[in-house]
Amino acid sequence: MAAILIVEDEPFVRMMAEDAAQQLGLEPMSATGGEAAIAAARTARELQILFTDIHMPPGPDGWTVARAVREIHPGVRVIYTSGQAGPEDCARLGVPDSRLLPKPYTESELAAVIADIAGTDS
């Protein structure tokens, strides 16, 4: 089963992402901030997808988390989410071959992006 690390400081949004991942047959792991996410990535045997909010004060932001997780798991696919950052920010600050899902989004929009990046059917 493919693993996805969900990094989101808002409990409702995190639970929605976990539910969407489980519906797609993925194994969700969760973190509420950057430090916890990097620690979880270090302990994960395999990690296929990182879904991370960009702005999570205090601590490392999503840009930093993605770079650190890519060092640990070089093949991880990255989905950023934000209500403030745009595609130009993702192109400039994001890791290569990443996606941006702007907030707000619906559960079906989230599931579609995760399914697309995971290569599964939503």
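Tutor: In helix α1, the residues Val13, Arg14, Met16, Ala17, Ala20 and Ala21 are buried, where buried means under 20% relative accessible area, exposed over 50%, and partly exposed in between, with a 1.4 Å probe and protein chains only. Seen down the axis of α1, these buried residues fall within an arc of 160 degrees, so they line one face of the helix; the arc is that of the directions from the helix axis to the C-beta atoms. An α-helix has 3.6 residues a turn, so residues three or four places apart point the same way. On the other side of α1, Phe12 and Gln23 are exposed.

This is a predicted model, in which local features need pLDDT of at least 70 and side-chain atom pairs count only at pLDDT 80 or more, while totals for chains, interfaces and linings use all residues. Residues are numbered from 1 along each chain as its sequence is written, and side-chain values use heavy atoms, with hydrogens and water left out.

Helices (H or I, at least four residues) and strands (E, at least two) are DSSP runs, numbered from the N terminus. Helix α1 covers residues 11–23; at 1.5 Å a residue its 13 residues should span 18 Å, and its end C-alpha atoms are 18 Å apart, which agrees. The expected span is 1.5 Å times one less than the number of residues. Just after α1, Gly25 has a positive phi of about 85 degrees.

The buried residues of α1 pack against β1, β2, β3 and α5, contact being heavy atoms within 4.5 Å.
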